[in-house]
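Please look over the chain below with its ligand. The briefing that follows takes up helix packing, then the sheet, the ligand surroundings and the domains.

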Amino acid sequence: MIKTSFINPFSSDAQKIVRQLGDMELLDNTNEKLFNIVLHTPSQYVSSDVNLPDTLKKLAFKRFEWFLYKKTENFDEKNYEYLFNPDIYEYDVVAFYLLCQAIAIGYGPDSREAKQFIESEKELISKRLEKIQSESYEFQSEFLRTTLNQLIDTNNIRWTDIKEVLELGELDLDNLLLSNGKVIVEYEDFIEEFGDLIEYRDPQVMYQVTCGQKLKIILLRNLIMIKTRDYIRTVSEKAKKMVEPNKLLLSLSEDIRLLEDKVQELKFLSGASSGNYKSDMQPVNFNVEAFPPCVRKCMSGIKSGGRNDAIVLFLTPFIAYARLCPGIFSMDERMKISMVDSSLEITNNEVIPLIYEAAAACSPPLFSDQPQEKININSKLGFGMHSQLKLDHEGETQWYTPMSCEKIKLHLSQLCVPNRDCKKIGNPLTYYNRKRRLLERQENNTANADNTEKNMSDE
Ligand code: SF4
């Protein structure tokens, strides 16, 4: 039996679930019960590459992934059937709050991520409600009534009470059935106000045409969207007073950032007309012409503040991934350099020299007063805090992925001097990949044109 909290995470039942299951310490632990529900969901596609969620944190991530992946090619709903399985309701409520908090803390209430999440909630509710259409009319009717009344008294709504819903644009005041400013939502109110006027028609049909379940569904999902928006805002305000946000929430918000980069890359790949992009998952020669403005600026040396972070945190991951694995954002696994450069030959002979060159161009040169930054560079490449790059140390730290444009604008704003190719770009590496392929295509076209011209003059 479907529970109202499967649709409405703001119900009192849902709050109770959060109190019972929402212990932050446990949200990254394997949850067998959750995994079993996921695994045995009818029609769920099961294979190693689907990566089914077995923790509440992963479930939260998958909720967001479902929404972003829907806009890419090759999306398959069967990979996410469990999101529409009512048995998941308890875990789903916790995942909802986890996502709200990670987005509030990581991105803020006015961010693109917050808007996407609110939109995803609307789509999730709509799809879940579609699934109850196989139930009897009485059940659907009762379910909608109960769920909606957890948010608003459906027998006493004045149009002014739903001003914010009207502002969302899905409902128009002109299309609502009003009686002295009261919005008619329930059948008994419809009959009381207009029953006398209905002749020779079925009142139930008239009710469904003028308001009925369609209105209830719109009200329900819009009210939940508004409550979600308000909740994210409240969490964000509270987070400003916190000394240190919860690590799990920070990690989830970082996972979301990587997901966004990956989706952007996938969209570009599916829109691209030529080229074998699998090759981007292994070393690819540098094309300096395709470097974005921020990288060029950094390569020419930092003359004012932010020098260390610009070289260590920004440039090092960019240069390393651009040369060794530019397709990182379309991959699922975390990479180690040795997976693509087993002898570290490219890393030692091409990656490090380019980073050191930029470090030397700074004023003052980075290593002249801070030689220990060489160790920090090694650590960002995944080789721990050591002065030498050695395979034995690999994995002691993570190979950092390139910073997003948003982070650069926030922490190293002097580097970001966008040009027209920066439009709709979320990461300098995506800029690089896109520009590189564009330049390759232009080169191929020019070569083809030259050949044609030569052939014609030979004839
Ligand atoms: S928008 Fe992004 S890619 Fe473009 S200059 Fe700024 S940080 Fe670099």
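Helices α13 and α16 count as roughly parallel to each other, a term that covers angles under 35 degrees. This is a predicted model, in which local features need pLDDT of at least 70 and side-chain atom pairs count only at pLDDT 80 or more, while totals for chains, interfaces and linings use all residues. Residues are numbered from 1 along each chain as its sequence is written.

**Helix packing**
- The axes of α13 (residues 307–324) and α16 (residues 373–380) come within 9 Å and cross at roughly 30 degrees, where axes are lines fitted to C-alpha atoms over the stretch in contact and angles run from 0 to 180 degrees between N-to-C directions.
- Helices are DSSP runs of H or I with at least four residues, and strands are runs of E with at least two, numbered from the N terminus.

**Sheet**
- Three strands form an open sheet in the order β1-β3-β2 with antiparallel pairing, and two strands pair if DSSP finds at least two bridges between them.
- β1 (157–158) and β2 (178–179) stand at the edges with a single partner strand each, so one side of each is left without a neighbour in the sheet.
- Two bridges join β1 to β3 (residues 182–183), and isoleucine 157 stands opposite valine 183 in β3.

**Ligand surroundings**
- The residues that surround the ligand include Pro292, Cys294, Cys405, Ile425 and Tyr431, a residue being near if its C-beta atom, placed from the backbone, lies within 6 Å.
- α12 (293–299), α17 (405–411) and α18 (428–458) are the elements that give two or more residues to this shell.

**Domains**
- The assignment, which is automatic or from a database, gives domain 1 (4–152 + 218–251) and domain 2 (272–443).
- The centres of domain 1 and domain 2, taken over C-alpha atoms, are separated by 35 Å.

Note on methods: Angles under 35 degrees count as roughly parallel, over 145 as roughly antiparallel, 65 to 115 as roughly perpendicular and the rest as oblique.
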